[in-house]
Amino acid sequence: MTLRNRIHDALPGRYSWHTLLWVIFAAGSVFVASGAVGVATSPPALDRVYTVHRVNGSTVPYVTRLAATNGSLHTVELDALSLRLKRNGRFDVLVRYRHAAWERAIAPSAPVLDADFHGSYVLTASGALTLYPDPGRRGTRRAAWNGRVFGDRVLFRRTIAMGTQSYGFQFELQYDRSIY
């Protein structure tokens, strides 16, 4: 017995072959549209806040010293970094840090500084996350941030250049359930 005959016999009443093909096509379209087949679909909309827990494997606050090519030394302490992914495809990043130039240590009286940037993001079904920051205040374009989402974690690798020196950083962020 052919597949055509099996389908024809399984349906109540008598249908033409054309009607059967149309029913099969419609059912297959619903099946594919539901994402049940290996079709590239967008992941569910997010509205989450991720906070940094580790930088280069060390816990936060993270302190590093960066030497520039002009001989200056910069000590930076990262106190907090949060990433909010919104349902509308936009993101917000807030960074809180302290900075000392020409010093090997940050004085306790050094103020906590903050920086923020915003933009759009793309999250694929495979977990690849790309942040596209809006241009800066002076209209300068900022490089995209590429990362990966692994369940409740986000990993970003970033290279920061100071003159001719390059410094690699790996940021590990964790979903903050206390916010959302």
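I searched the whole structure for aromatic pairs and got 7. For a pair, I took rings of Phe, Tyr and Trp (its six-membered ring) with centres within 6.5 Å; planes under 30 degrees apart count as stacked, over 60 as edge-to-face and the rest as tilted.

A note on what I'm looking at: this is a predicted model, where local features need pLDDT of at least 70 and side-chain atom pairs count only at pLDDT 80 or more, while totals for chains, interfaces and linings use all residues. Residues are numbered from 1 along each chain as its sequence is written, and side-chain values use heavy atoms, with hydrogens and water left out.

Y62 and F169 came up next. Their ring centres are 6.4 Å apart with planes at 90°, so I logged the pair as edge-to-face. Y62 sits in strand β3 (residues 62–67) and F169 in strand β10 (residues 165–175), 107 residues apart in the chain. Strands here are DSSP runs (E, at least two residues), numbered from the N terminus.

Are these two buried or exposed? Y62 is buried at 13% relative accessible area, and F169 is buried at 8%. Buried means under 20% relative accessible area (1.4 Å probe, protein chains only).

Then I checked F91 and F117. With centres 6.0 Å apart and planes at 80°, this pair is edge-to-face. It links strand β5 (residues 90–101), which holds F91, to strand β6 (residues 113–123), which holds F117.

Zooming out, I found ring pairs joining Y62, F91, F117, W145, F156, F169 and F171 into a cluster.

Notes: Helices (H or I, at least four residues) and strands (E, at least two) are DSSP runs, numbered from the N terminus. Buried means under 20% relative accessible area, exposed over 50%, partly exposed in between (1.4 Å probe, protein chains only).
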